[in-house]
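Okay, thanks for making time for this one. Let me put it up on the screen and we'll walk through it together.

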Amino acid sequence: MVFMHPELRTAAAHLVRLRAAAELLHAADPVDALRYVDCAPAALRGMVERARAAQKPLAEANVEYSEARIRGGCAVRGELVRAYRDEREAADRTVMAGLRIADQLDGFARAAARYAVHVAIEADTACVLVLDGDLTPEPADLVYEACTAIVHQVEQYLLAIEGLASELDGLTG
């Protein structure tokens with residue numbers, strides 16, 4: 001499974017045994033669960049920077065308009081000045097929110113990766129037993145619990161991500 005986030009890619013390599021044991025037991029796939037928090041932090045930040053660059057002509061037009069009004073002896077006020085300012089401020093808020101959201105998505109992916117590896121290490125002995133054919137309740141339950149813990153943690157991040165999407169919707173909607 002290919003991940004965009006480098007730490008999730010690394011975590012997936014640590015989950016091979018847990019994933020195989022989960023498959024034998026028909027438990028949730030812990031690697032598949034991590035897909036839901038996968039992101040490409042550099043690409044996200046790149047999109048935000050392109051949005052920042054795209055708003056530059058608006059800021060320049062605002063300055064040019066203000067300077068022209070001053071040269072013409074007009075006060076720098078009016079509906080167009082307010083419109084330029086409002087648009088520039090809205091664009092600035094969106095860019096800042098985009099950077100903050102990119103950082104938070106990156107943080108969720110990193111935290112999910114670390115947590116999944118920790119859980120997989122804790123369940124490794126049980127995974128070995130299951131893979132060797134021991135399907136008794138003790139090792140099987142430990143594998144199930146490990147998979148469930150990873151899925152539950154990812155679900156918590158997904159709830160937080162929904163909140164981030166709502167925040168961005170409020171700025172752009």
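So, how many disulfides does the count come to? The count is 0, taking a disulfide as a pair of cysteine sulfur atoms within 2.5 Å. Take Cys 127: the nearest cysteine sulfur to it belongs to Cys 147 and sits 7.1 Å away. At 7.1 Å, the sulfurs of Cys 147 and Cys 127 are too far apart for a bond.

And are these two buried or exposed? Cys 127 is buried, at 0% relative accessible area, and Cys 147 is buried as well, at 1%. Buried here means under 20% relative accessible area, exposed is over 50%, and partly exposed is in between, with a 1.4 Å probe and protein chains only.

Before I go on, a word on the source: this is a predicted model, where local features need pLDDT of at least 70 and side-chain atom pairs count only at pLDDT 80 or more, while totals for chains, interfaces and linings use all residues. Residues are numbered from 1 along each chain as its sequence is written, and side-chain values use heavy atoms, leaving out hydrogens and water.

Now the overall picture. You've got 8 helices and 0 strands, going by DSSP runs (H or I, at least four residues, for helices; E, at least two, for strands) numbered from the N terminus. Of the 173 residues, 34% are buried.

What about contacts, meaning heavy atoms within 4.5 Å? Among those with a separation of 6 or more, 78% join residues 24 or more positions apart.

Notes:
Contact = heavy atoms within 4.5 Å.
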